[in-house]
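Dear colleague,

Please find the structure we discussed below. My notes on its features follow directly after it.

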Amino acid sequence: MALASFTARFKQFVTPDALRSYLAEFISTFFYVFVVVGSAMASRKLMSDLATDPSSLVLVALANTFALSSSVYIASNVSGGHVNPAVTFGLAVGGHISVSTALFYWVSQMLASVMACLLLKVATVSQDVPIYTIASEMTGFGASMVEGVLTFGLVYAVYAGGDTRSGPLRSIGPLVIGLMAGSMVLAAGPFSGGSMNPALAFGSAVVAGRFKNQAVYWVGPLIGAAVAGLLYDNVVFPGHVSGRVNSDGTTGV
C-alpha cells in the first residue's frame, strides 16, 4: 500500500507538463548562469585590475539585469520562471508550489548552473571560472545578512511582478525583476558578490573546486526569500494569491 501510494504521488511529478516545467527551469537557469559568469570572465580578460575598475561591476550588473529579465520571460509561461532556488523556496514557503515540485526545480537549477559553468571552463580553456567571495573586511555572518537583504528585495519583486492586480503593468514583471537584481549587484557586488542565487554560487564553486564561504550564499538568500514571501502574502497583501497557477501546480510571474 505504501509503495503504491508513493508510486502514485511520484507519477504526479513526472507528467508531461511537469517535465516541461523542469526543462524550462533548466534552460532558463543555464543561460542566466552562462551570461552572468561569462560576463565576469570577460571583464577579467579585458581589464587588468578589476579591484580598481568600477566598469567591471557595471558590466556584471548589466549582464545580470538583461540575463535575468530574459530568462524569467522565456520560462514564465511554462515553469513560472524561477531561475533561482531562493525564489523557488520563497514561493514554496508561501504555498504557491508544493515542496516536491520545489525539489525537482532545485535539481534542474543546480544541474543547469553546473553545466553552464563547465561549458565556460571547457570553452575558454585558459580561464578559471570565478567564484563568489566576500570582502576581506567582512565576516561570513555579515555577508550572509547582506545576501539575505538582497534576496529579500529580489523575491519581493518576484511576488509584486506576478501580482494579478497589477493589470497591464504585470507584463513588465520580468523587466522589474531584472532591474532589481542589477541594482542589487551594483549595491553589494564588492562586498558579498551580489549572488542572490544559491545555484549561481554553487555551480561556479563546483567547477572551480572551491567551496569557501559557500554557506553564505545559501543561508542568507533562503531566509531572505522566505521572509519576503511571507511578508508579501500575509502582511502587505493578506489573503491575496499573487501570480497565475499553472496546470502542474507552479506559479507564473
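I begin with one annotated segment. Over residues 172-195 the chain is 83% helix and 0% strand, with 23 Å between the end C-alpha atoms. Please note that this is a predicted model, and that the segment's limits come from the UniProt record, an unreviewed entry, which lists 172-195 as a "transmembrane region". The same annotation covers residues 22-43, 55-75, 87-107, 141-160 and 215-232. Residues 22-43 are 100% helix and 0% strand, and the C-alpha atoms at the ends of that stretch lie 32 Å apart.

Overall architecture

The chain contains nine helices and two strands. Read from the N terminus, the order is α-α-α-α-α-α-α-α-α-β-β. Of the 253 residues in the chain, 51% are buried. Where contacts link residues at least 6 apart in sequence, 79% of them join residues at least 24 apart. The accessible surface amounts to about 11600 Å², and carbon and sulfur atoms account for 72% of that area.

The nonpolar core

The largest nonpolar core has 51 residues, and the members that touch the most others are Y32, V33, V37, L68, M196 and L200. Two or more residues of this core come from each of α2, α3, α4, α5, α6, α7 (173-192), α8 and α9. The largest contribution is that of α9, with seven residues.

Apart from its neighbours within four places in sequence, L200 is in contact with Y32, V33, V36, V37, S113, Y132 and S195.

Helix α8

L200 is also one of the buried residues of α8. This helix is mostly covered, with eight of its 11 residues buried. The buried residues are P198, A199, L200, A201, G203, S204, A205 and V207. Their cover includes α2, α4, α5 and α9.

A further pair of residues may be of interest here. L118 and A208 are separated by 90 residues in sequence, yet their C-alpha atoms are 9.0 Å apart in space. L118 belongs to helix α5 and counts as partly exposed because its relative accessibility is 39%.

A nonpolar patch on the surface

Which residues form the nonpolar patch on the surface? They are L23, I27, F31, Y73 and I74, and together they have about 530 Å² of accessible area. Both α2 (16-46) and α3 supply at least two residues of the patch, and α2 gives the most, with three. I74, in helix α3, counts as exposed because its relative accessibility of 51% is over the 50% limit.

Residues in loops

Is Q127 buried or exposed? Its relative accessible area is 14%, so Q127 is buried, the cut-off being under 20%. Leaving out neighbours within four places in sequence, the contacts of Q127 are M41, R44, K45 and K121.

The other two positions concern the backbone. Most residues other than glycine have a negative phi. V83, although not a glycine, has a positive phi of about 60°. V83 sits in the loop between α3 (54-75) and α4 (85-93), and it counts as buried because its relative accessibility is 0%. N213 likewise has a positive phi, near 60°, and is a residue other than glycine. N213 is placed in the loop between α8 (198-208) and α9 (216-236). With a relative accessibility of 29%, N213 counts as partly exposed, whereas V83 is buried.

With kind regards

Terms used: Residues are numbered from 1 along each chain as its sequence is written. This is a predicted model: local features need pLDDT of at least 70, side-chain atom pairs count only at pLDDT 80 or more; totals for chains, interfaces and linings use all residues. Side-chain values use heavy atoms; hydrogens and water are left out. Helices (H or I, at least four residues) and strands (E, at least two) are DSSP runs, numbered from the N terminus. Buried means under 20% relative accessible area, exposed over 50%, partly exposed in between (1.4 Å probe, protein chains only). Patches are made of residues with over 30% relative accessible area and no salt bridge: like charges are joined within 9 Å, nonpolar side chains (Val, Leu, Ile, Met, Phe, Trp, Tyr) within 5 Å. Accessible areas come from the Shrake-Rupley method with a 1.4 Å probe; for residues, only the protein chains shown count as cover. A salt bridge is a side-chain nitrogen of Lys or Arg within 4 Å of a carboxyl oxygen of Asp or Glu. Contact means heavy atoms within 4.5 Å. A nonpolar core is a set of buried Ala, Val, Leu, Ile, Met, Phe, Trp, Tyr and Cys residues joined through side-chain atoms within 4.5 Å. UniProt positions are given in the numbering used here, feature names are shortened, and annotations may be inferred rather than shown by experiment.
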